[in-house]
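Please read this briefing alongside the sequence and the structure, which are shown just below.

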Amino acid sequence: MPSPQAEPTTVSLVGSTGSIGTQAVDVITAEPGRYRVVALAASRSVERLAEQARRLRPDRVAIAEVDRAAELRAAVPAGTEVLAGEGALEAVSVDAQVVVNGVVGFAGLPVTLAALRAGRRLALANKESLIAGGPVVQAARATPGAEIVPVDSEHCAVHQCLRAILGERGMEALPHLPASPLRRVVLTASGGPFRGRRRQELAEVTVADALAHPTWSMGPKITVDSSTLMNKGLEVIEAHELFGVGYDDIDVVVHPQSIVHSMIETTDGATLAQLSMPDMRLPIGYALAYPDRIATAFGAIDWSGLSRLEFEAPDREAFPCLDLAYRAGRAGGSAPACLNGANEVAVDAFLGGRIRWVDIPDVIAAALDDYSPTEPTTVADVLDADRSGRDLALTAVARRVSAGR
């Protein structure tokens with residue numbers, strides 16, 4: 001239950017019109033009087049952004065596309081300040097006590113940095129911020145008052161489990177304890193649509209096959225990432241950055257029911273897990289209310305209807321993208337940014353019919369083979385690494401296309 005408070009917690013929803021943003025609105029409206037949305041921001045969805053502004057009455061709204069500003073001003077309530085163009089999303093990322101970053105892709109990195117540098121709590125759903133920009137984000141994270149509470153279901157589960165063993169010492173104490181109670185982190189994966197298939201069975205799978213996810217409804221890119229297990233590899237890198245756990249102490253296990261969202265194992269052999277039905281509103285609500293809890297039960301389990309929980313090791317031969325992510329993570333520096341960029345190019349080439357599904361890891365591996373990591377210190381360094389990964393992957397795709405593969 002929430003701690004007594006005189007005023008509502010203020011919230012900025014950046015990426016408010018996407019999946020995370022709209023579900024955050026669900027959470028906020030389910031908890032009347034507890035939160036006040038002071039800022040909304042989106043890249044281009046003027047109609048939905050304006051509808052949210054009329055409903056939530058924020059002080060400011062921001063749109064990344066500057067040529068949509070007049071249209072937005074005409075549609076929001078009178079007195080609402082409208083920001084547009086370069087820097088608009090970052091500008092509203094310092095307005096509130098809690099900043100929800102639901103922006104997709106690299107556009108979310110400046111939002112993350114702005115919120116942390118302002119000493120805010122960041123409810124983070126933007127993977128690229130930590131995967132590609134990890135070293136830069138860690139420097140901003142050191143700002144007094146800044147903290148990250150992850151919104152990804154897996155990392156939110158780990159956060160909750162670690163909190164259970166750390167108690168009042170808090171999450172930030174983990175890297176500094178003289179004897180850590182944590183033995184390993186175990187991330188769960190649904191296994192995607194191709195769970196149980198051998199590599200030789202996957203040579204001719206189609207785009208439609210890859211997009212038929214058995215559990216989650218997601219966009220095409222992340223659904224393909226789930227089918228290759230790259231999404232889980234990226235989450236391994238994210239877990240390393242969030243919790244300071246070494247790659248040898250982060251494992252992945254396939255759990256097709258998606259009820260156990262992740263686990264930790266302590267030094268005395270105990271395993272703690274967070275269980276709920278698949279519902280992103282639970283981790284969003286957790287991040288908004290931290291260190292308290294919201295009063296609305298999202299994802300509660302009906303145990304009478306849950307017959308079994310299954311676990312199995314991932315098939316690393318059939319799904320080599322998982323080990324490619326470990327490889328990039330261990331290389332460190334800008335290697336994860338290269339990996340992320342190369343993967344986006346490979347997935348786009350698959351969705352466009354230029355390469356086969358089984359070629360995706362080969363394209364990424366070729367990019368990593370030809371890349372020399374550096375230590376990024378600025379956003380420009382991160383973008384350079386991403387660009388290099390994309391260029392190298394495009395070259396690898398072109399070789400396969402010219403060879404008729």
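This is a predicted model: local features need pLDDT of at least 70, side-chain atom pairs count only at pLDDT 80 or more; totals for chains, interfaces and linings use all residues.

Residues are numbered from 1 along each chain as its sequence is written, and side-chain values use heavy atoms, with hydrogens and water left out. An open sheet of seven strands, ordered β4-β3-β2-β1-β5-β6-β7, shows parallel pairing. Helices (H or I, at least four residues) and strands (E, at least two) are DSSP runs numbered from the N terminus, and two strands pair if DSSP finds at least two bridges between them.

**The sheet**

- The edge strands of the sheet are β4 and β7 (147-150), each of which pairs on one side only.
- Neighbouring strands of this sheet are turned by 20 degrees against each other on average, direction ignored; axes are lines fitted to C-alpha atoms, for helices over the stretch in contact, and angles run from 0 to 180 degrees between N-to-C directions.
- Helix α12 (residues 281-289) packs on the sheet and touches β1 (9-14), β2, β5 (98-101), β6 and β7, while its direction makes about 175 degrees with that of β6; contact here means heavy atoms within 4.5 Å.
- Strand β6 (residues 121-124) runs parallel to β7 and is joined to β7 by four bridges, with arginine 121 standing opposite glutamate 147 in β7.

**Strand β3 and its neighbours**

- Strand β2 (residues 35-42) pairs with β3 in the parallel sense over four bridges, and leucine 40 has valine 61 as its bridge partner in β3.
- On the β4 side, four bridges join β3 to strand β4 (residues 81-84), again in a parallel run; here valine 61 has valine 82 as its bridge partner, and arginine 60 stands opposite glutamate 81.
- In strand β3 (residues 60-63), Arg60 and Ala62 point one way whereas Val61 and Ile63 point the other way, and all are buried, where buried means under 20% relative accessible area, exposed over 50% and partly exposed in between (1.4 Å probe, protein chains only).
- In a regular strand the side chains alternate between the two faces of the sheet.
- β2, α2 and β3 make a right-handed β-α-β unit, and the β-α-β crossover that leads from β3 through helix α3 (residues 69-75) to β4 is right-handed; a crossover is right-handed if, with the strands pointing away from the viewer, the path from the first strand over the helix to the second runs clockwise.

**Helix pairs**

- The axes of helix α1 (residues 19-30) and helix α2 (residues 46-56) come within 13 Å and cross at roughly 10 degrees, which makes α1 roughly parallel to α2; angles under 35 degrees count as roughly parallel, over 145 as roughly antiparallel, 65 to 115 as roughly perpendicular and the rest as oblique.
- In this contact Thr22, Val25 and Thr29 of α1 meet Arg48, Gln52, Arg55 and Leu56 of α2, a set that divides into two nonpolar, three polar and two charged residues.
- For these classes, Ala, Val, Leu, Ile, Met, Phe, Trp, Tyr, Cys and Pro count as nonpolar, Asp, Glu, Lys and Arg as charged, and the others, Gly among them, as polar.
- The axes of helix α13 (residues 321-331) and α14 come within 7 Å and cross at roughly 150 degrees, so α13 is roughly antiparallel to α14.
- Leu324, Ala325, Ala328, Gly329 and Ala331 in α13 meet Ala335, Pro336 and Leu339 in α14, and by class this contact has seven nonpolar, one polar and no charged residues.

**Helix α5**

- Helix α5 (residues 108-117) is mostly covered, with eight of its ten residues buried; among them are Leu109, Val111, Leu113 and Leu116.
- Just after α5, glycine 119 takes a positive phi of about 75 degrees.

- Asparagine 343 is found in helix α14 (residues 335-351) and is buried, with a relative accessible area of 0%.
- Not counting residues up to four places away in sequence, asparagine 343 touches Lys221, Asp225, Met230, Ile360 and Ile364.
- Proline 58 lies in the loop between α2 and β3 and is buried, with a relative accessible area of 5%.
- With residues up to four places away in sequence not counted, proline 58 touches Val37, Val38, Ala39, Leu40, Ala53 and Thr80.
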